[in-house]
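This briefing is intended to be read beside the sequence and the coordinates. Please keep both in view while working through the points.

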Amino acid sequence: MFGKSKCRICGDKVRFVIRHLNEKHPETLSDRDVMKLKMQNIIAKYFSEE
């Protein structure tokens, strides 16, 4: 039911994408342009399905 996604920044396979961005790539969420995006667009931008 819940699959893992692959991070396009570092290549890690993760299940909780927002937690991964907060812990490993906090600079991505601090970017003002990214904060204007909807959650599904953030996930599509930084993750691909495995």
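The points below cover the sheet, the helices, the core, the cysteines and selected residues.

This is a predicted model, in which local features need pLDDT of at least 70, side-chain atom pairs count only at pLDDT 80 or more, and totals for chains, interfaces and linings use all residues. Residues are numbered from 1 along each chain as its sequence is written, and side-chain values use heavy atoms, with hydrogens and water left out.

**Sheet**

- An open sheet is built from 3 strands in the order S2-S1-S3, with antiparallel pairing. Strand S2 (13-14) and strand S3 (47-49) are at the edges with a single partner strand each, so one side of each has no neighbour in the sheet.
- Strands here are DSSP runs of E with at least two residues, helices are runs of H or I with at least four residues, and both are numbered from the N terminus. Two strands pair if DSSP finds at least two bridges between them.
- Strand S1 (residues 5-7) pairs with S2 in the antiparallel sense over 2 bridges. Lys6 is located opposite Lys13 of S2.

**Helices on the sheet**

- Helix H1 (residues 17-24) lies across S1, S2 and S3 and runs at about 145° to S3.
- Helix H4 (residues 39-46) packs on the sheet and touches S1 and S3, its direction making about 80° with that of S3.
- Contact means heavy atoms within 4.5 Å. Axes are lines fitted to C-alpha atoms, for helices over the stretch in contact, and angles run from 0 to 180 degrees between N-to-C directions.

**Nonpolar core**

- The largest nonpolar core has 9 residues, namely Cys7, Val14, Val17, Leu21, Leu29, Val34, Ile42, Tyr46 and Phe47. H1 and H4 each contribute at least two residues to this core.
- Such a core is a set of buried Ala, Val, Leu, Ile, Met, Phe, Trp, Tyr and Cys residues joined through side-chain atoms within 4.5 Å. Buried means under 20% relative accessible area, exposed over 50%, and partly exposed in between (1.4 Å probe, protein chains only).
- Leu29 is in contact with Leu21, Asn22 and Met35, leaving aside its neighbours within four places in sequence.

**Cysteines**

- The whole structure contains 0 disulfides, a disulfide being a pair of cysteine sulfur atoms within 2.5 Å.
- Cys7 is in no disulfide, and its nearest cysteine sulfur, that of Cys10, is 3.8 Å away. Cys7 is buried, because its relative accessible area is 2%.
- Cys10 counts as partly exposed, at 37% relative accessibility.

- Thr28 belongs to helix H2 and is buried, with a relative accessible area of 8%.
- The side chain of Thr28 reaches the backbone oxygen of His25 at 2.6 Å. Not counting residues up to four places away in sequence, Thr28 touches Ile9, Leu21, Val34 and Tyr46.
- Pro26 also has its place in helix H2 (residues 26-30), where Pro26 is partly exposed at 42% relative accessibility. Pro26 and Ile43 are 17 residues apart in sequence, and their C-alpha atoms are 14 Å apart in space.
- Met35 lies in helix H3 (residues 32-35) and is exposed, with a relative accessible area of 52%. The C-alpha atoms of Met35 and Cys10 are separated by 20 Å, and these residues are 25 residues apart along the chain.

Notes:
Polar contact = N/O pair within 3.5 Å; in protein donor to acceptor, adjacent residues only side chain to side chain.
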